[in-house]
Amino acid sequence: MENTNYKILLIEDDKIDQMAFKRFILNEQLPYEIVVSGSITEAQAVLSSEKFDIIISDFSLGDGTALDILDLVKDIPIILTTGARDEEVAVKAWKAGAYDYLAKDDNMEYLKILPKTIENVIKRKKIEDALDRKQKNLLAIFDAVPVGLFSADENLIITRVNEAIKNMFHKEYVQIIGKKIGDALGCTNAISNENGCGSSSECTVCLLRKSVKDVLENNNPIHNIETCPTLCIDNEQRKVWLRVSVVPTMIDNSKHVIVAVDDINERKNAEQERRLAEEKYRTIFQNSAVAITMADEQERIVSWNKFAENLLGMDYEDLYLKPLKSLYPSEEWERIRNFRVREKGMQHSLETKLTTKDGRVIDVNVSLSVLKNENEETIGSIGVITDITERKQAEEKLKETMELKSQFISTVSHELRTPMAAMKEAIEIVLDGIVGDVNEKQKKFLTIAKRNVDRLGALINDVLDFQKLEAGKMNLDLQQNDIRQFISEVHETMVLFAGKNKVELAMELDDDLQQADFDKSKMTQVLTNLLSNSIKFTPADGKVTMKAFYRREHADGNPVEIAFSISDTGMGIPKEALAKIFDRFYRVKREGKQIQGTGLGLAIVNKIIILHGGRIDVESEVEKGTTFTVYLPLMKEASSEKLSIKTDERVEKIIA
Ligand code: ADP
C-alpha cells in the first residue's frame, strides 16, 4: 500500500459512521487528511474553497442524494457508501459517474477494504486523465490541420469534422455532424435529384460517397482522387476543385472512415490561368501580322510564327535549330551582334537586311529583346521583324526625286542668272549713254526694265538660297564679331532704303555689348531682310527701330543669348497669319496696294537662325506695328575653332 497523503472529503450525516471512519483511519495509521461534511450544503461550501483527491459520500443525505454531488463535481473521483438495501440505487449512481461503491455493514467490515478501494480509484483516475489528454491532443491535431477531415460511420453518417471542413463548406458543425455525406456537404445531386447523392458519376461528393462506401466494404484506402463537383455553398452552386483520400478505421469498436478533403481550387485555377495565358500568347504569336523568331542562348532558332515562314520563304526544315546568323547577310550579322541587347526587358530596334530562302535580300526592321531567367542569365532572345522593303523603296524614290528637283532648280537658276547679268549690263550701258544719247522717255522705260531685272535677280537669289538651306548645303562661317560694329554696318546699308520710303531708321544699342559668334554675311542677310520688310510695310513718316541687347536667365547673371530686335510702326500682321509667315511662299493677303515680295524672305531668315542654333519671335498688332526678335545662343568658349573641336569630340563619343 502506498503511503500517499490523500486529502479526502467524507460526506456523511450519520455521526456514528463518521466516528467509525475516523477511528479506522487513526487505528490503521493511514496517511489521509480527512475533512468531514454532514450535508450536501456543507460539502458544497467546502468544495468551493478546498481541493480534494477523492470524495467518499453516503448515498442518502439529509438534504439530497449523492447524485447531487455527482452533478456538482466533475473532476474528483467519488466513492459511494450505501446502506445494504440501497445497493440498487448505488449501482445507478455508479453508472452516472461514481467511481466505486461500498455497501456499509453493521460491523463496519466494509472499512477494511476502503484503503484498497481508494488506491484503485486514484489509479483509475490517473489513467483516465492520461487517456483524456491523449484524446484531447489528437482532437486538437484533428482540428488544427489545414486539410479538411471528417469521419463517417457505416451508414455514411458524418460523426466528426474539423475546422477546415467547416470553412471549406461554409457550414456549422450542427449542419454537418449526424448528416449523410451528400446532404452535409451540399451535393447538388442530393438536393435536386430524387435519387439523392451518389446518382451522378461526375460529382465529387457522389464520387466521395461511393469511395467511402467502397472503403467501408473492402477495407482498402483510396488516395488523392481529384475532381470538381458542383456544390451548393451559401445557397449558390459552385464548382470546387477537391482532392480526396479515404482511409478505413475503427472508432468505438465500429467501422468508420476518415476522409481527408483538400481544397485545390487555387492551384487548379492558377494552372488554368497559366494555360489560358499560354494559349493567348501562342495565338498572338502565331496570328500576328509581323514575323517573330525566338532563339536560344546559343543563338539557334527555336521558335517562329507563320508570318516568319512566309517572309523568309522557309519551313521547319530550314529554320529549326539553325543559327540566327544564317538569316542575315554576313556584314549585317556583324552589326546585329554588336547591337545585341544585354539587358533584360530592354528592346532595341534597328534597320537591317535578311536573306530569304531564294536568295533575295529584303529590308527589315528588327526589334530585339533578350530573355533572362531569374538568375539573370541569358536564355535566349526574341526578334520581331517587319518587312520595310516597300518603305525603303519609297524613301529611295523620294530622295531621288528631291535630288532631281534640287538639281533642276539650281541648274535653271544658274542658267537664268547669266543671261540676266548680260541683260542688266546691256541696259546699264545704254542708260549710261555710252552707246549714244538717251532721251528722258527712253531713260524712264530703261529704268523700269532695269528695276525688274534686279527684282528677278533677287528672286533667283532667294530661290537658290532657300534651295541650299533646304538641301542642307548651306554651311556657316562662324566668326567672332563685334556686335556694335555689325549693327552699325547693317544700319548703314539700310538707311538709304528707309529714307527713300520716308521711314526713320533708328538704332538702340545696350552699353555692355561685346562680341558674339555668328556668320556675319548670313546674319546681315537676316537683319536686312527683316528691316526691308519693316520698311516696306510701314507707311511714310513711320519709324523702324533696330536694337541689340543681351538676354539673361537672371537679372544679374551672365548673358545667355544675344538678341536683335526690329520694331516698326507699320501695318502689323493679323493674328491668324502669324503662325504662317515663316512658311515658304506665304504672303499675307492685304486689301489695296500690293507690296512686292516673294514670300521666301522669312522662310530663309528662319532657316539661317535655326542653323545658328537660335530662334525668332514675332509680336504684332494690326495698324500698330510689328516686332521681330532674333535670339542667338552665346557660346561660352567664344572661338569657333574650339566649338568645332568640341563637336568632333562629341561625334567621336557617339561613335564609340
Ligand atoms: P515677302 O517677300 O512677301 O516679304 P516674307 O517671307 O519676308 O515675304 O514675309 C512674309 C509675309 O509676312 C509678308 O508678305 C508680309 O505680309 C508679312 N510681314 C513680314 N514682315 C512684316 C512686317 N514688318 N510688318 C507687316 N507684315 C510683315
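In this predicted model, a polar side-chain atom of Asp568 lies 2.9 Å from a nitrogen atom of the ligand. A polar contact here is a pair of N or O atoms within 3.5 Å. Taken alone, the ligand exposes 530 Å², and the protein buries 98% of that; these areas come from the Shrake-Rupley method with a 1.4 Å probe.

Let us look next at the surroundings. The ligand is surrounded by 19 residues, each having a heavy atom within 4 Å of it. The closest are Asn533, Arg587, Arg590, Thr598 and Leu602. By type, this shell divides into seven nonpolar, eight polar and four charged residues, with Asp, Glu, Lys and Arg counting as charged and Gly among the polar ones. Two or more shell residues come from each of α18 (520–536), α20 (601–611) and β26 (625–633), and α18 gives the most, with three. Helices (H or I, at least four residues) and strands (E, at least two) are DSSP runs, numbered from the N terminus.

Salt bridges complete the picture. Across the whole structure, a search finds 35 of them, each a side-chain nitrogen of Lys or Arg within 4 Å of a carboxyl oxygen of Asp or Glu. One pairs Glu226 with Lys268, whose closest N and O atoms are 3.1 Å apart. This pair links distant parts of the chain, 42 residues apart: Glu226 is in strand β10 (residues 222–227) and Lys268 in helix α11 (residues 265–287).

Residues are numbered from 1 along each chain as its sequence is written, and side-chain values use heavy atoms, leaving out hydrogens and water. Local features need pLDDT of at least 70 and side-chain atom pairs count only at pLDDT 80 or more, while totals for chains, interfaces and linings use all residues.

Technical notes: Polar contact = N/O pair within 3.5 Å; in protein donor to acceptor, adjacent residues only side chain to side chain.
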